[in-house]
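Let's take a walk through this one and look at how charged side chains pair up.

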Amino acid sequence: MSEPRSNALDLITFCESAGRSTGNFLAALSEYEPGSDQWKTYLKSACNSENNLIQIVAFEEIGKSSDADWLPFLSEWLQPETFPTTLVAVINAMGALGGIQSRDDFATFIESADRNLRGAAINIHYYLPHDEAIDLLLSILYHDPDPDLRHRAALRLANLHSDAGLPLLLEGMHRENLFGKLTNACALAILNHPRGLHFLHDLIATHHTLSKLDRTRLLFHICGLGDQVGFELPPCDRPEDLPVETIFQNASDWIEGCSGFQKVVSMDSGNHITEFI
């Protein structure tokens, strides 16, 4: 079911407003020489903005700076009082600057009673060595009391080619909304699982029958899958020139080449394979 028109218009209005505010901030930032004292002062003031979007963009710019001298400043923001979305931006900036060395440095957040802080701390796995990242996500998968965080851990584990969260991913294929199914299907496809591969293949084959919104959701997930597994995504300079058919065809070709896609003919309601080729 598509969103009510009023909700869609509210979302468009919000996005337009957010785009203007962040665009104005970046335009003002561009007036200063990157790395200069004025540039740093302006970024620091933006980090204290009451506009959370401005805060997030400011921390993103710090992360892009390649300047590890920012790390002490960023560390000051590692406080339980920091708003969760801001905390995620801080963690990502620290990771980009090489400031995340061990999960132990974030124990306060990983073990917090606040599920929002625990959810923010999941992001450190992107910057940890592979085995350490797996260990962190397995701990969340098996022990976190929040089902949404356990599911998020299952998705992240799949991106690291671990099938430890497979039961949760298969369960997620029963979600009512298409976005949720697509998220789980892409994770299953990374794991070469027939359930995800066939779901995506069938949806791509019938994409012309989807609503514009659902087709956009499919394209968003397929592009993300392409980045993850490496099938070709054609270059595109303008959104209106996006080669949608080519992207879908490349994805379909990749799926058809997966051994998991070749195996299965049908599955029962419990996601169990019932026939083989």
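Start with Asp144, which is buried, at 9% relative accessibility. Keep in mind that you're looking at a predicted model. What does the side chain of Asp144 meet in a salt bridge? The partner is Arg118, at 2.7 Å from N to O. Asp144 sits in the loop between helix H8 (130-143) and helix H9 (147-159), while Arg118 belongs to helix H7 (residues 115-121), so this pair ties together parts that are 26 residues apart in sequence. Arg118 is buried too, since its relative accessible area is 10% and the cut-off for buried is under 20%.

Why would such side chains get together at all? In general, side chains of opposite charge can pair when their charged atoms come close.

Now hop over to Arg215 and Glu245, whose side chains form a salt bridge at 3.6 Å, N to O. Arg215 is in helix H13 (residues 212-229) and Glu245 is in helix H14 (residues 244-256), so here the pair ties together parts that are 30 residues apart in sequence. Arg215 is partly exposed, with a relative accessible area of 27%, and Glu245 also counts as partly exposed, at 40%.

Glu61 is buried, with a relative accessible area of 16%, whereas Lys64 is exposed at 60%.

And how many salt bridges does a search of the whole structure find? It turns up six.

Key: Residues are numbered from 1 along each chain as its sequence is written. This is a predicted model: local features need pLDDT of at least 70, side-chain atom pairs count only at pLDDT 80 or more; totals for chains, interfaces and linings use all residues. Side-chain values use heavy atoms; hydrogens and water are left out. A salt bridge is a side-chain nitrogen of Lys or Arg within 4 Å of a carboxyl oxygen of Asp or Glu. Buried means under 20% relative accessible area, exposed over 50%, partly exposed in between (1.4 Å probe, protein chains only). Helices (H or I, at least four residues) and strands (E, at least two) are DSSP runs, numbered from the N terminus.
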